[in-house]
Amino acid sequence: MRALGIDPGLVRSGWAIVEPLGGRSVVLAHGVIAPPTDASLPARLADGAAKLRAVVAEFHPTFVALEEVFTAPQHPRSALLMAHMRGVICLVLEEAGIPILPLTATTVKQRLTSSGHASKEQVQKMVMRLTGMSSSAGMKLDETDAVALALAGLSQTVLGDQFPIVSTRSGGAAAIRERVNELLRSSADPKRRRTTQPPAPDPHV
């Protein structure tokens, strides 16, 4: 089973493929989708879509942990532009038949560091620890954020929000797909929603 984490953005979208292997979660590949900044908005979106399709075709993820987008009152244009790219990402994944598990930045930080307000640098350090990577190896924060999303997604779908990811014995790809779909159905059905409120979104992400 493979999780694709995506940290969406119009300028840069970090992505990472993570797979539980033996006693650790292994980062199989990572990168940044960066459309040309001097191109028109439609051209940038098309470029991002093409590059994401290439990633999906090469690695065949079981599901995608995709960061939610929240409106930032101080930067409404930035949030709107990010939402454009996130919409394109959703379209590409839907066309490929890959389940999407939306996660807030606050939720990811909470699962990895026990603090919903952890800094990007703190998240990066925890990513290195959980994956056994000795250093950031030149990885951009967009990429380590994507790894964090994949880890959080695996935690939720496989181990019920427990860390670290230690085994693949919880089921194969079909079971994981069903688990993701179950989670999505639960979030859409008011009768099955949890009564507890999720952490407030981090306005700085």
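**View 1. Val18 faces Val27 of strand 3.** The model is a predicted one, in which local features need pLDDT of at least 70 and side-chain atom pairs count only at pLDDT 80 or more, while totals for chains, interfaces and linings use all residues. Residues are numbered from 1 along each chain as its sequence is written, and side-chain values use heavy atoms, with hydrogens and water left out. Helices (H or I, at least four residues) and strands (E, at least two) are DSSP runs, numbered from the N terminus. Strand 2 pairs with strand 3 in the antiparallel sense over nine bridges; two strands count as paired if DSSP finds at least two bridges between them. Strand 2 also pairs with strand 1 (residues 3-7), again antiparallel, over five bridges. Ile6 has Trp15 of strand 2 as its bridge partner. Eight of the nine residues of strand 2 are buried, where buried means under 20% relative accessible area, exposed over 50% and partly exposed in between (1.4 Å probe, protein chains only).

**View 2. Five strands make an open sheet of mixed pairing, in the order 3-2-1-4-5.** Strand 3 (24-33) and strand 5 (100-103) are the edges; each has a single partner strand, so one side of each is left without a neighbour in the sheet. On average, neighbouring strands are turned by 20° against each other, direction ignored. Axes here are lines fitted to C-alpha atoms, for helices over the stretch in contact, and angles run from 0 to 180 degrees between N-to-C directions. Strand 4 (residues 63-67) and strand 5 run parallel and are joined by four bridges. Glu67 has Leu103 in strand 5 as its bridge partner.

**View 3. Trp15 and Phe59 form a tilted aromatic pair.** Rings of Phe, Tyr and Trp (its six-membered ring) pair if their centres lie within 6.5 Å; planes under 30 degrees apart count as stacked, over 60 as edge-to-face and the rest as tilted. By this rule the count is one aromatic pair. The rings of Trp15 and Phe59 are 5.9 Å apart centre to centre, with 45° between the planes. Trp15 belongs to strand 2 (residues 13-21) and Phe59 to helix 1 (residues 41-59), so the pair ties together parts that are 44 residues apart in sequence. Trp15 is buried at a relative accessible area of 10%, and Phe59 is buried at 14%.

**View 4. The largest nonpolar core holds 26 residues.** A nonpolar core is a set of buried Ala, Val, Leu, Ile, Met, Phe, Trp, Tyr and Cys residues joined through side-chain atoms within 4.5 Å. Val18, Leu103, Val108, Leu112, Val127, Val147 and Leu151 touch the most other members. Two or more residues each come from strand 2, strand 4, strand 5, helix 3 (105-113), helix 4 (120-131) and helix 5 (141-158). Helix 5 gives the largest share, eight residues. Another core, of 22 residues, lies apart from it and includes Leu45, Ala49, Met85 and Val92.

**View 5. Val108 in helix 3 is buried.** Leaving aside residues up to four places away in sequence, Val108 touches Leu103, Ala148, Leu149 and Ala152; contact means heavy atoms within 4.5 Å. Ser114 follows helix 3 and has a positive phi, near 70°.

**View 6. Phe70 sits in the loop between strand 4 and helix 2 (76-96).** Phe70 is partly exposed, with a relative accessible area of 38%. Leu80 is ten residues from Phe70 along the chain, and their C-alpha atoms are 9.3 Å apart.

**View 7. Confidence is lowest in helix 6 (residues 173-188), at a mean of 52, and highest in helix 1, at 98.** The score is pLDDT, the predictor's confidence in each residue, from 0 to 100. The chain averages 80, and 73% of the residues score at least 70. Over residues 161-173 the pLDDT stays under 50, and the model has 33 contacts beyond four places in sequence for them. Residues 192-205 are also below 50, with 18 contacts in the model beyond near neighbours in sequence.
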